[in-house]
Amino acid sequence: MLKIKDLHVKLQDEEKVILKGVDLEVATGQVHAIMGPNGSGKSTLSYVLSGREGYEVTAGSATLQGQDLLVLDPEERAAAGLFLAFQYPVEIPGVGNMVFLRTAVNAQRKARGEDEISATDFLKLVREKAKTLKIDADMLKRPVNVGFSGGEKKRNEILQMAVLEPRMCILDETDSGLDVDAMKLVADGVNALRDAGRSFLVITHYQRLLDHIAPDVVHIMADGRIVRSGGPELALEVEKNGYADILAEVR
Amino acid sequence: MQAVRTAAAARLAEMGWPTRRDEYWRWTDPATFAAEEVPESEAFRVERPIFSGMDKLRLVFTDGVFDAAASDDAALAGVEISRLANAPKWAVDAVGSLEAAGQKPVRRPLAALNTARATDGILVRVTGRATKPLHISYRQSSNTSDAILHHYIKLEPGAELTLLETGTAGARANLVMEVDVGEGARFHHIRPQGRSVGHRVVSAIFARVGAQAVFKSFTLSMNGRLTRNEAMIEIVGDNAVAHIAGAALGDGADDDFHHDDTVFITHGAVGCESRQVFKKVLRHGAVGVFQGKILVRNGAQKTDGYQISQALMLDDSCQFLAKPELEIYADDVKCSHGSTTGAIDETALFYLRSRGVPREEAVALLVLSFLADAIAEIDDETIAADILARLEEWLARHRG
């Protein structure tokens with residue numbers, strides 16, 4: 001599904017190098033987790049994959065189902081099936097959640113040469129998905145993320161994911177700022193979307209999210225590289241001993 | 001009425017014509033409003049008519065003259081309508097009085113000129129709740145029409161009126177509207193201005209707002225080489241509400257775009273609320289001006305005044321000039337103002353694009369988001385939807 005090879009990235013306006021040769025391959029249907037200390041380049045990786053401006057790829061490649069991601073605009077990557085759940089979802093006053101969602105769905109359909117979804121079908125679809133995420137109708141009517149609690153914002157991200165049905169989902173510290181109950185709700189939403197044709201890349205600081213979203217593979221990222229990969233037990237090791245041992249061992 | 005005109009001419013002679021040395025004309029040049037030749041401006045038909053699905057009473061002015069053939073029969077329960085030339089008794093002393101009072105503390109010579117030389121206008125007295133909106137529809141047939149129109153609207157205590165004002169009155173237009181909102185009366189004014197890119201307009205609203213009355217005015221401007229919209233609102237009765245809002249979108253690629261909102265709200269009573277909400281979207285060298293003042297007189301306690309003016313620059317070539325002012329002589333008031341100038345928020349743009357919304361569509365959504373506070377000042381949902389539709393038309397025409 002997602003293949004990243006020797007990816008080097010620097011900031012566009014500064015000489016600061018952030019990713020120093022990332023290699024990662026997520027197979028179709030798998031859930032991979034990336035853990036790592038602050039500043040290791042985890043969020044940058046998610047931004048570079050989804051096409052945020054401000055970064056310059058100096059070497060390497062990233063493909064989604066064989067398609068070169070790095071030459072595409074963010075909206076083209078979305079239409080190709082990539083989705084990034086933001087660490088800090090953006091508030092957009094004056095634009096209703098439903099209008100936003102429908103604009104997104106229809107834009108992606110148009111890009112793929114499909115017909116627009118009818119208003120009634122769309123309403124039905126969103127209501128159904130919202131119900132499983134315990135998102136009430138009132139939240140759908142409100143402007144995008146405005147006045148939402150931290151938990152509501154993250155659930156709204158998962159709702160967008162559920163409605164847009166991407167193939168490759170990247171979750172950037174979706175657990176940050178959530179209490180245990182909210183985290184569980186979000187994890188349930190993600191688990192409901194797991195299927196043989198969809199892959200996930202879950203970026204997190206802590207092991208606790210991985211208690212709820214069980215990963216197939218865990219990677220440790222440090223100083224712009226993946227320094228170790230293993231099974232779920234790797235996350236437990238980090239939880240127990242911190243990153244210091246692993247980093248010392250790698251050095 | 002001749003006495004009214006003579007008095008206004010005398011006011012104008014005493015004040016003289018404004019120049020860019022005048023404090024409130026530094027950013028907008030009044031010269032073309034005095035030029036003998038009217039610069040040409042052709043009406044265009046790019047925009048679809050607005051409010052066409054609404055039941056309303058329409059009064060049409062073509063090139064500054066009332067067009068009876070194109071207008072509806074001026075009969076509406078609780079509303080008396082006459083032309084300026086046939087002023088009924090109640091209007092004889094009223095016309096020009098609010099304009100004259102509004103000449104202090106800042107002089108408004110173009111409004112005095114209007115009172116002295118108006119070619120037409122309507123006089124409306126509302127005695128009850130108007131069952132449908134009154135619609136003043138301006139049309140332009142000549143490319144050099146020069147319209148000077150003067151309207152007077154009087155709402156008796158408890159009366160209600162929604163006034164729609166649409167279209168281009170002329171290649172050059174000077175429009176004055178005096179509004180006297182009686183005790184407990186409610187006045188809503190919605191004004192999508194000008195459907196021609198080249199027109200020049202100077203407009204002035206002089207309002208007096210009585211106790212427990214509501215005055216609300218919203219203007220949408222998307223065209224015009226030069227627009228100067230002034231509003232002088234005097235709150236004279238306790239617990240009254242006065243809101244004035246505007247959304248302006250200018251693209252210098254269509255033609256020059258210079259848009260100026262100059263507002264002066266005076267609180268002269270206890271417990272009143274005022275709002276000034278002005279938003280401008282500018283691109284390709286468009287220029288926006290905002291000059292807004294809240295004056296709270298001695299004794300106008302418990303005043304709640306708020307003013308916000310914001311510009312969204314879609315490129316680096318634009319200019320926004322803002323002068324917010326507060327002058328307060330009462331000690332128990334809540335007054336604040338803010339003014340910002342900014343570009344499209346790159347994080348929000350990326351957020352929308354990451355969901356599959358193409359860049360241009362995402363920018364259009366963020367423009368609507370920016371304007372939302374001003375649009376929210378429109379109470380009537382049907383009217384707001386029509387305004388939004390016209391906005392979306394403009395955004396669709398100005399992509400890329």
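Author: Here are some questions and answers on chain A, then on a few loop residues.

Reader: What should I know about the model and the numbering before we start?

Author: It's a predicted model, where local features need pLDDT of at least 70, side-chain atom pairs count only at pLDDT 80 or more, and totals for chains, interfaces and linings use all residues. Side-chain values use heavy atoms, leaving out hydrogens and water, while residues are numbered from 1 along each chain as its sequence is written, and chains are lettered from A and ligands numbered from 1 in the order in which they are written.

Reader: How many helices and strands does chain A have?

Author: These are DSSP runs numbered from the N terminus: helices are H or I with at least four residues, strands are E with at least two. For chain A that gives 10 helices and 12 strands.

Reader: Why call chain A as compact as a globular protein of that length, and what is its radius of gyration?

Author: The radius is taken over C-alpha atoms, and the globule rule is 2.2 Å times the number of residues to the power 0.38. For 251 residues the rule gives 18 Å, and chain A comes out close to that, so it is as compact as a globular protein of that length. Its radius of gyration is 18 Å.

Reader: What share of the residues of chain A count as buried?

Author: Buried means under 20% relative accessible area, exposed over 50%, and partly exposed in between, with a 1.4 Å probe and protein chains only. Of the 251 residues in chain A, the buried share is 54%.

Reader: How do β11 and β12 of chain A run, parallel or antiparallel?

Author: Two strands pair if DSSP finds at least two bridges between them. Here 5 bridges join β11 (residues 217–222) to β12 (residues 225–230) in chain A. Val218(A) sits opposite Gly230(A) in β12(A). The two strands run antiparallel.

Reader: Which residue in that hairpin takes a positive phi?

Author: The hairpin has 2 residues between its strands.

Reader: Where is Gln212(B)?

Author: Gln212(B) isn't a glycine either, but has a positive phi of about 60 degrees. At 48% relative accessibility, Gln212(B) is partly exposed. Its place is the loop between β10 (200–209) and β11 (214–221) of chain B.

Reader: What is omega for the cis peptide bond that joins Lys104(B) and Pro105(B)?

Author: Pro105(B) lies in the loop between α3 (97–101) and α4 (109–117) of chain B. For the cis bond joining Lys104(B) to Pro105(B), omega is about 0 degrees.
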